[in-house]
Amino acid sequence: MKRIFKQLYVNNLFFYALLGIITLFACAFIFPFLYTATWYLFIILSCFWVLDLLILFFTKTGVEAHRNLAEKLSNGDENPIEICIKNFYTFPIYTKIIDEIPFQFQVRNFEISRKINASSQDDIRYFLRPTERGEYHFGKLNVYVSSPLRLISRRFMFENGHMVPTYPSYIQLRKYDLMAFSNNLFQYGVKKIRRIGHTIEFEQIKEYVQGDDIRTLNWKATAKKNALMVNQFQDEKSQSVYMIIDKGRVMKMPFNQLSLLDYAINATLVLSNVILKKHDKAGMFTFSKKVENRVMAEKRSSQMQLIMESLYNVKTDFFESDYSRLYVDIKKNINHRSLILLYTNFETLDGLHRQLPYLKGIAKNHLLVVVFFQNTELNEIIHKKSETVQEVYDKVIAEKFAFEKRLIVNELKKYGIYSVLTQPENLTLDTINKYLEIKARGIL
């Protein structure tokens, strides 16, 4: 009996019916002929309530349910969660499913209602979008079952809690995985790049077209063919590419509920996969007050797993970033010329000038690409029509900050430092495009 009371919940329909009967009893003081009829209605409601109780509790196992979870969740992406429910009753039931999803989502009113036919099964899917890495703990799966009378509900509880880790966006990794096998991966970037190698690994002799490097002209073939012919070489392979993620306070800024740091982590994972598919060596590390999460550039089969685990374990208190320590660490640990993609953010020209001596020092020995972000909220202010003096003032200030971003690009270019100024949502494509451009131009 105690177990029944723990599982028994009275539905709103019963209270509405009871409220109607009480109203009729009140009206019976004015119209006495309603008194007897109202008593009959109360007895009928009580009989239906008892009948509903019996048909719901006559069997020990009325329904079964379980939650299907992936081994890990993908940060910043919509992750499918499946719930499978089996109805063992001989009549259709109405269910209300309350899944105790992790507290990180801050969802207080999660509820799914579904009608399930007699002796049948139903699969229910919903999506969760995590916005931070770490452990996500799912609680119990609560299923409230009502008969066609819908006066009471019986609660069934399944699952005893389950922990799922949230990794950097491996869904994006899968998206670009097949593309990496193709020589046309660059087509998914912002612009197309002509893929011309400049190493000693010969590929073919072809007719000269506008844009080919005249240094590769083959004069003997030109004389035989009576047309300009050029040598074409394969891209150089096994080059070292390091992705460095600034995890200081400048990367705490959120866009679409995801911090700039997590955007950089997701892009690093995808780009690492592309680099390895292109037979280069991929490595990464992070820095703020000190350099951490180091994975040296290698081309071994376990490299992707090492990079994913390192990115998963990136933790920060968003301290002020120490570029002098970064410069010393690169000079000490990276002994040969490499491509370095630095994910950071500069909001003002003064902020760049404070770190520029260290960036110039890195660029002396390596090919440095600074990746930083446009403020998309400022773009909204700039393109919004101004109607008040305050809005005009805000628009001028926003245009000033946007202009400073372009000045930062020009300032870096003056010192031979490449840059990528991108919106957070386009970060992955823009960095892949820049890597392929550098490979195609053979400037590493």
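Visitor: Which residues does Leu271 touch, not counting residues up to four places away in sequence?
Guide: This is a predicted model. Leu271 is among the residues with the most contacts inside the largest nonpolar core. With neighbours up to four places away in sequence not counted, Leu271 touches Met243, Leu341, Tyr343, Thr431, Ile432 and Tyr435.

Visitor: Which helix gives the largest share of this core?
Guide: The largest nonpolar core has 44 residues. Elements that each supply at least two residues of this core include strand 14 (240–246), helix 6 (260–277), strand 19 (339–343) and helix 12 (427–441). The largest share, 12 residues, comes from helix 6.

Visitor: How many residues are in the other core that lies apart from it?
Guide: Leu128, Tyr136, Val143 and Val145 are among the members of this other core. Its residue count is 30.

Visitor: Does Arg133 count as buried or exposed?
Guide: Arg133 is in the loop between strand 7 (121–128) and strand 8 (134–138). Leaving aside neighbours within four places in sequence, Arg133 is in contact with residues including Asn75, Tyr167, Asp262, Ile265 and Tyr312. Burial requires under 20% relative accessible area. Arg133 has 17% relative accessibility, so Arg133 counts as buried.

Visitor: How are helix 2 and helix 3 oriented to each other, roughly parallel or roughly antiparallel?
Guide: Helix 2 (residues 12–28) and helix 3 (residues 34–57) pack with their axes 9 Å apart, at an angle of about 165 degrees. Angles over 145 degrees count as roughly antiparallel. The two helices, helix 2 and helix 3, are therefore roughly antiparallel.

Visitor: How many nonpolar residues does the contact of helix 2 with helix 3 have?
Guide: On the helix 2 side, the residues include Phe14, Leu18, Ile21 and Phe25, and those they meet in helix 3 include Tyr35, Trp39, Phe42 and Trp49. By class, the contact of helix 2 with helix 3 has no charged residues and one polar residue, and the number of nonpolar residues is 15.

Visitor: What is the handedness of the crossing of helix 9 and helix 11?
Guide: The axes of helix 9 (residues 349–365) and helix 11 (residues 389–414) come within 10 Å and cross at roughly 20 degrees. That makes helix 9 roughly parallel to helix 11. The crossing of helix 9 past helix 11 is right-handed.

Visitor: How many charged residues does the contact of helix 9 with helix 11 have?
Guide: Leu349, Leu352, His353, Leu356 and Leu359 in helix 9 meet Glu404, Leu407, Ile408, Glu411 and Leu412 in helix 11. By class, seven residues of the contact of helix 9 with helix 11 are nonpolar and one is polar, while the charged residues number two.

Notes: Residues numbered from 1 in each chain as written. Predicted model: local features only at pLDDT ≥ 70, side-chain atom pairs only at ≥ 80, totals over all residues. Heavy atoms only, no water. Axes fitted to C-alpha atoms, helices over the stretch in contact; angles between N-to-C directions. Helix = DSSP H or I, 4+ residues; strand = E, 2+ residues; numbered from the N terminus. Parallel < 35°, antiparallel > 145°, perpendicular 65-115°, else oblique. Contact = heavy atoms within 4.5 Å. Nonpolar A, V, L, I, M, F, W, Y, C, P; charged D, E, K, R; others polar. Core = buried A, V, L, I, M, F, W, Y, C linked by side-chain atoms within 4.5 Å. Buried < 20%, exposed > 50% of the residue type's maximum accessible area, 1.4 Å probe, protein only. Left-handed = near helix turned anticlockwise from the far one by under 90°.
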